[in-house]
Amino acid sequence: GTTSWRGATFNHRFPITSGAHANRTCSECHLDARNYQAFSCTHCHEHSQSRMADHHREVSGYVWSSTACLQCHPNGRH
């Protein structure tokens with residue numbers, strides 16, 4: 001459910017119990033309540049696609065997507 005994970009077994013890959021992401025609701029990152037595997041980073045963070053493409057111009061295989069953000073920044077750090 002969206003109010004409690006009590007009794008559930010899962011591995012939340014991004015730190016959500018401390019720091020800037022603590023106390024967020026599930027729906028703030030998981031925009032589709034039917035698919036909690038899908039998430040979005042870019043709808044909140046002020047990273048324009050063109051600015052990030054320029055910033056990552058030397059990163060091989062760079063793509064503008066939240067799953068790519070998580071792969072390279074699993075703790076939300078640069």
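At 61% relative accessibility, does R57 count as buried or exposed? R57 counts as exposed at that value, where buried means under 20% relative accessible area, exposed over 50%, and partly exposed in between (1.4 Å probe, protein chains only). The model is predicted: local features need pLDDT of at least 70, side-chain atom pairs count only at pLDDT 80 or more, and totals for chains, interfaces and linings use all residues. Residues are numbered from 1 along each chain as its sequence is written, and side-chain values use heavy atoms, with hydrogens and water left out.

The chain has three helices and zero strands, in the order α-α-α from the N terminus. Helices (H or I, at least four residues) and strands (E, at least two) are DSSP runs, numbered from the N terminus. Of the 78 residues in the chain, 12% are buried. Among contacts (heavy atoms within 4.5 Å) between residues at least 6 apart in sequence, 41% join residues at least 24 apart.

The segment before helix 1 (26–29) contains N23. Most residues other than glycine have a negative phi. N23 is not a glycine, yet its phi is positive, about 65°. N23 is also exposed, with a relative accessible area of 77%.

Next come the charged pairs. Side chains of opposite charge can pair when their charged atoms come close. The whole structure holds three salt bridges, each a side-chain nitrogen of Lys or Arg within 4 Å of a carboxyl oxygen of Asp or Glu. E28 pairs with R24, their closest N and O atoms being 3.5 Å apart; E28 is partly exposed at 30%, and R24 is partly exposed at 48%. D32 and R34 form another salt bridge, at 3.1 Å from N to O. Here D32 is partly exposed at 27%, whereas R34 is exposed at 78%. R57 pairs with D54, with the closest N and O atoms 3.0 Å apart, and D54 is partly exposed at 47%.

The cysteines remain. A disulfide is a covalent bond between the sulfur atoms of two cysteines. With the cut-off for a pair of cysteine sulfur atoms set at within 2.5 Å, a search of the whole structure finds zero disulfides. The closest cysteine sulfur to that of C26 is in C29, 8.9 Å away, so it is too far for a bond. For C69, the closest is in C41 at 5.0 Å, also too far for a bond. C69 is partly exposed, with a relative accessible area of 26%.
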